[in-house]
Amino acid sequence: MTTFNIKISGKESHKTTSSIAKILRALDARYFKGDSESSLILVEYIDRGNWVTHNTLLSDQSSSCLLMSVFLADSNTINETDKTEFIKETFLQFNHLLGDLHKNSYITIQQYNASSYGKNSKQIQQF
């Protein structure tokens with residue numbers, strides 16, 4: 001299971017969110033062997049006036065910002081090369097989608113023990 005938690009600068013856009021989901025589903029399948037049925041993508045838009053980098057509001061700069069946390073179950077076996085390539089490809093795709101990303105844009109990848117999460121299921125019996 002892969003979870004993407006993304007904060008991007010700008011105004012909320014259904015079109016941008018759909019594009020982000022398409023990009024991440026493809027990259028998830030390519031680098032993490034993720035299953036789109038169990039992957040989760042959360043996108044939050046942060047107003048440029050609420051984002052500060054280099055001691056300056058992003059609204060006073062000509063760039064965009066991205067902060068992404070990727071959470072992978074340890075059952076997704078990936079190596080350092082795949083992580084590096086995922087990050088590189090993600091920045092290329094997001095620079096194309098969002099425009100010039102500020103150098104203070106970040107992506108983190110964290111792996112966790114698969115037994116440490118639960119999933120809602122319609123088969124769970126009521127007590």
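Reader: OK, is L24 buried or exposed?
Author: This is a predicted model, and in it L24 counts as buried because its relative accessibility is 0%, where the cut-off for buried is under 20%.

Reader: Where does L24 lie?
Author: L24 lies in helix α1, which covers residues 14–32.

Reader: And which residues is L24 in contact with, leaving aside its neighbours within four places in sequence?
Author: Those are F4, I6, I41, M68, F86 and F94.

Reader: I6 is on that list. What's its bridge partner in β5?
Author: The partner of I6 there is M68, and M68 is also in contact with L24.

Reader: Nice. In which sense do β1 and β5 pair?
Author: Antiparallel, over seven bridges. With strand β2 (residues 40–46), β1 pairs in the parallel sense, also over seven bridges. One of the pairs there is S9 with I46.

Reader: How many residues of β1 are buried?
Author: Six of the eight, so strand β1 (residues 2–9) is mostly covered.

Reader: Switching topic: where is S63?
Author: S63 sits in the loop between β4 (56–57) and β5 (66–73).

Reader: Is S63 buried or exposed?
Author: Buried, because its relative accessible area is 6%.

Notes:
Residues are numbered from 1 along each chain as its sequence is written. This is a predicted model: local features need pLDDT of at least 70, side-chain atom pairs count only at pLDDT 80 or more; totals for chains, interfaces and linings use all residues. Side-chain values use heavy atoms; hydrogens and water are left out. Helices (H or I, at least four residues) and strands (E, at least two) are DSSP runs, numbered from the N terminus. Buried means under 20% relative accessible area, exposed over 50%, partly exposed in between (1.4 Å probe, protein chains only). Two strands pair if DSSP finds at least two bridges between them. Contact means heavy atoms within 4.5 Å.
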